[in-house]
Each structure stands twice: as C-alpha cells, then as structure tokens.
Amino acid sequence: MTTTVIDGKAAAASVIEAVTSAATTLKTSGHRKPGLAVVIVGDDPASHAYVGAKSRMAKQCGFNSIQHTLPEDTCQADLMALVASLNDDPDIDGILVQLPLPKHLDSEPVIQSILPEKDVDGLHIVNAGKLATGDLKTGLLSCTPAGAMILVRQIHGNDLSGLNALVIGRSNLFGKPMAQLLLNANATVTIGHSRSRDLPELARQADILVAAVGRAEMVKADWLKPGATVIDVGINRVAAPEKGEGKFKLVGDVAFAECKPVAKAISPVPGGVGPMTIAMLMANTVIAAHRRAGVAAPSF
C-alpha cells in the first residue's frame, strides 16, 4: 500500500490564496480591507515568533494588520480595556490575544470579553456553543481543528458517513471542537483520553485517528487499523543527539516512521497540521470582515 503523506504546507497555501482573493474582492467592491488586531503580553520568544508569523501572513493576505505589544507587568484591567477598545473599533474585524499570557493574568475572562463575531481564534463560548449545536454557518471555528478538518476532507471528502473516528485528547482548544466537526460530517466519533480504558484497542477500530495529547510518539504502528487516516496535531520537542550535542527536533504524538507503512494517509510533524492553523486564522478574519460588511462570506 502506498501511503499519502499529507502536505499541510500546500493545503495552507491554497487557503491563503483563497483568502487573499476574497480580501481583494471585498476591497474592490467598495468595502475596507479586513482588519486583524493581535495582542501579545510579555517577551516570550516563542509567542513573539508566532505573532510575527501571523502578522506577516495578514499583510500578505492584504489585511490591515495591527500588533499591540504590552509589557510583561501589564495588569488584568489594562489588558481588558485594550480588548474593549478593539471591540469598539469599526476597522477591526478580528481580535487575537496570543496565549499563554504571563502567569499573573487570567486568560479566560480576556478571551470571553472578545466579541464573538471578532473572535477569530474561535474560543468564545458562543462560537463553541454554535459548533456544539451544529451551526457551522454563523460562528467562527477554532483554527487548528478547522485546519485539521480540511486535511481529513482531502482524503475522504465532505461526507464521513460510515467511518469511525477517534480523537485522542479532550481539550476545549482542540479535542472537543475536532470531535464536533467530525460528528457534523457524519462520522461515528469517539473521544479517547488519559482515563480511557484501552486506548490502543479504540485506535484499532478507527478509520480516522486524530492525536492531540502532547506526548511524543505515543501512537504506535500496532495501534492503527491498516489503511487508517492519521492526523497528528502534536508538537513535541525531543532530544536529537544524532544532530549534535544539545540539539533538538520536533516530533508529533504519532510515531511517524513506524506508522506510515500501516496508514492510508498520515500528516507529518512539522509540515502537517501546523501550517493550517495560521491559514485558518486568516480565513476566519476574512469571513468576519465579510459578515461585518453585510456581504456573503466565503467558505473554506
């Protein structure tokens, strides 16, 4: 069996091309360009790298991209006040507060204070509730699950009727919304987690396996149903002595080399789901801009 290695970079590039086209059409039809505001607190290098990538991509898509960089000691009230001002700004369609926040700040009230229609991360309880009740038309989807779902559809199409799907991980950020998206596409969905009795046995029944637990190479070849589609959402930094002393490499939650011969399709780490997250953030922003302009929003 020849295994398809899912190319997340190519899929993301396709989404970005469609987003850029939609943003251009919006502007040429007399509306303003989409506006994305990104808020980052503190000086965490990884967070700044992510924010820089998001800001560059927003500009590439033709958005009005604004970054608010706040000092490490910013208080909760000041952060909430900034979000409130962005909620009121008519030129801003999407608001993203980069997580994690410094330890003295409580992220949940900040996220829930973002207007649902500007919540391009898809984390507001209104957007989560719309997804849970099957409304994929008026809310905004959490970016990583939405991107992973595009990769699933590349292999299986839009209708997953008759397929068993296992999502390993039950986080609000990924596991639960991913399960809801699969369920909405008519898959029979199981959520596996740390308290599941026999995770390998559950995995062996899955036509589609999605791993998002943050445990390096936990899913082994003997977990897989032959011919399964495997979507690996994990990003784990592990020692790579073969590269030299003190060197590291990124691996997923799936043991890629041993699982690849068993799978029908598998997403690599890096280069699989990762590029889709930023692409879907851009997609959410252009969708939000269309809705605010009263124009039919594109679908991705």
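Predicted model: local features only at pLDDT ≥ 70, side-chain atom pairs only at ≥ 80, totals over all residues.

Trainee: How do you know that the span of α6 agrees with its number of residues?

Mentor: Each residue counts for 1.5 Å, and the expected span uses one less than the number of residues. For the 14 residues of α6 that gives 20 Å, and the end C-alpha atoms are 20 Å apart, so the two agree. Just after α6, G157 has a positive phi of about 80°.

Trainee: With which residues is I231 in contact, leaving aside its neighbours within four places in sequence?

Mentor: Contact needs heavy atoms within 4.5 Å. With those neighbours left aside, I231 is in contact with I6, A148, L151, V152, L209, V210, A211, S267 and V273.

Trainee: Why is a set of residues called a nonpolar core?

Mentor: It gets the name because its members are buried residues of listed kinds, such as Val, Leu and Ile, joined through side-chain atoms within 4.5 Å. The largest nonpolar core here has 50 residues, and F63, L160, M178, L182, V210, I231 and M282 touch the most other members. Among the elements that each supply at least two residues of this core are α1, α2, α6, α7 and α10. A second, separate core has 17 residues, including V83, I92, V97 and I114.

Trainee: What lines the largest pocket?

Mentor: Its lining has 44 residues, with Y50, T144, I235, G274 and T277 nearest the centre. The largest share, six residues, comes from α2. The space in this pocket is about 1,300 Å³.

Trainee: How many residues of that lining are nonpolar, polar and charged?

Mentor: There are 27 nonpolar, 12 polar and five charged residues in the lining of the largest pocket.

Trainee: Which element gives the most to the lining of the second largest pocket?

Mentor: That is α10, with five residues. This second largest pocket has a volume of about 560 Å³, and its 22 lining residues include L136, L141, R153, S299 and F300, which lie nearest its centre.

How values were computed: Residues numbered from 1 in each chain as written. Heavy atoms only, no water. 1 Å grid on protein atoms, 1.4 Å probe; cavity = no way out; pocket = protein on both sides within 12 Å on 5 of 7 lines; lining within 4 Å. Points joined across faces, edges and corners; volume = space filled by probe spheres on them. Helix = DSSP H or I, 4+ residues; strand = E, 2+ residues; numbered from the N terminus. Nonpolar A, V, L, I, M, F, W, Y, C, P; charged D, E, K, R; others polar. Buried < 20%, exposed > 50% of the residue type's maximum accessible area, 1.4 Å probe, protein only.
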